[in-house]
Amino acid sequence: MRLSLLLLLLLLTSPPPTPSMEDAAFPHLGESSRPPPHTCPPRCSCPRADTVHCNGLDLQVFPDNITRAAQHLSLQNNQLQELPYNELSRLSSLRTLNLHNNLISSEGLPDEAFESLTQLQHIYVAHNKLSVAPQFLPRSLRVVDLAANQVTEIFPLTFGEKPALRSVYLHNNQLSNAGLPPDAFHGSEAVTTLSLSSNRLSYLPPSLPPSLERLHLQNNLISKVPRGALSRQTHLRELYLQHNQLTDSGLDATTFSKLHHLEYLDLSHNQLASVPAGLPRALAVLHLGRNRIRWVEAARLRGARGLRYLLLQHNQLGATGLPAGALRPLRGLHTLHLYGNRLDRVPPVLPRRLRALVLPHNHVTTLGARDLAGMPGLAELNLAYNRLVSARVHHRAFRPLRALRSLDLAGNQLTRVPGGLPGSLHTLRLQRNQLRALEPELLASLDQLRELSLAHNRLRIGDIGPGTWHELQALQALS
């Protein structure tokens, strides 16, 4: 008791605590007048002090209590129709603004909307209702996404004078060449990705950024690439021109010749009658499917010696469409697609290093002893849905293919399993033929076979020789 009274007396007579540095400077401030803690708009989430997420809340009005410190604001998947200038101009620290999938029209997006956002680097306004692009966007931008709107026109300062701009997405709009000014990218010399696919362009736009590495122009109405239109794009690596209206007269020998770094060129689904001239040496993938090509001229491919994938499916290549040795200069060719042509035999003298030959839905009737001998490294051979009959498949036709893993002979008219199949096979497809017997000796060497398809033939239980399945020790799937 005496100790407790002593402690109480000591506390009552002690001097007050020494004030802190802040209290000494501002002695009039108490606890109640300190700055309020960071607040988050109702129903939104704020994982960090500089990040505000208000996604998928069916908002019809722009939130009015977003912190000025916000650097990343996401309002995607709402019902916003306009951006109020007063609210947006407060957020001068914004670096990312995501307005994807709203109902914002050009009338709801005033020209001065982004005037104060001098730090903005990423803006996403895809899937809205813009009819014209914003006239002025901040100079600081790196990525602009205006895809899937109804844009018919852009302006010189929409994308121009943006030295940090890297990626522009304008696909799925209604842009014609008239709506794309010739100086659209003036002063923006760092753009590497430009997507203009699914618009209404009738020719390849001139004056594109020389820094481009990826250019998407598929699904337009392009019938011509003007001379010199790609002469400055020497860094271009990928060019997508599929699903247009290109004819041979819309290209010339210089169209692609300056693209020394071009690796991927897609010209499928056009109206080309021949392989384009002037293909660059660096080209690795050339997609020419769904054109009107009747004949492959060897000289047209000589320049593209680095080609690894050549896709010529669904053209009009007939018996003389691929002359002997036409592809031989392509020493590194890995895959050749010839699906859906009119070839009546395996093209002779193909590149020795070929790994995949895809020839279904042609008119091949015969396989001679030497037809496949020049491709010892072939791993995949697809001859499905041709006109092969057993009597015209030589018993040594497949023997040279010692690296073959997959063989597809479905949909032919074979009455027996071909002889001399290589022991390296993992997959053998023989469905939809007219097989009447399954002989163990023809499968005896296939000790690595994992998948065998024999569906839709004429086999009965008695037609399968004793011990047939015993030979296939690695088999995992049998149809």
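**Disulfides, core and aromatic pairs in a predicted model**

Both C44 and C54 are buried, where buried means under 20% relative accessible area, exposed means over 50% and partly exposed lies in between (1.4 Å probe, protein chains only). The structure is a predicted model, in which local features need pLDDT of at least 70 and side-chain atom pairs count only at pLDDT 80 or more, while totals for chains, interfaces and linings use all residues. Residues are numbered from 1 along each chain as its sequence is written, and side-chain values use heavy atoms, with hydrogens and water left out.

C44 and C54 are joined by a disulfide, with an S to S distance of 2.1 Å; the term covers a pair of cysteine sulfur atoms within 2.5 Å. Because the torsion about this S-S bond is about 110°, the C44 and C54 disulfide is right-handed. The pair links distant parts of the chain, ten residues apart: C44 belongs to the loop between α2 (21-25) and β1 (45-48), and C54 to the loop between β2 (51-53) and β3 (72-74). Helices (H or I, at least four residues) and strands (E, at least two) are DSSP runs numbered from the N terminus. A disulfide also connects C40 and C46, whose sulfur atoms are 2.0 Å apart. With a torsion of about 80° about its S-S bond, the disulfide of C40 and C46 is right-handed. C40 is partly exposed, at a relative accessible area of 29%.

Confidence is described by pLDDT, the predictor's confidence in each residue on a scale from 0 to 100. The mean pLDDT of the protein is 91, and 92% of its residues reach 70 or more. Over residues 1-36, pLDDT stays under 50, and the model has four contacts beyond four places in sequence for this stretch; a contact means heavy atoms within 4.5 Å.

Not counting residues up to four places away in sequence, L357 touches partners including L336, L338, V346, M375 and L381. L372 lies in the loop between β15 (356-358) and β16 (380-382) and is buried, at 0% relative accessibility. Beyond its neighbours within four places in sequence, L372 contacts V346, L367, L381, A397, F398 and L401.

The whole structure holds two aromatic pairs. The rings of F159 and F185 have centres 5.8 Å apart and planes at 10°, so the pair is stacked. This pair links distant parts of the chain, with F159 in helix α4 and F185 in the loop between β7 (167-169) and β8, 26 residues apart. Both F159 and F185 are buried. For Y240 and Y264, the ring centres are 5.2 Å apart and the planes at 35°, so the pair is tilted. Rings of Phe, Tyr and Trp (its six-membered ring) pair if their centres lie within 6.5 Å, with planes under 30 degrees apart counted as stacked, over 60 as edge-to-face and the rest as tilted. Y240 is buried at a relative accessible area of 13%, whereas Y264 is partly exposed at 25%.
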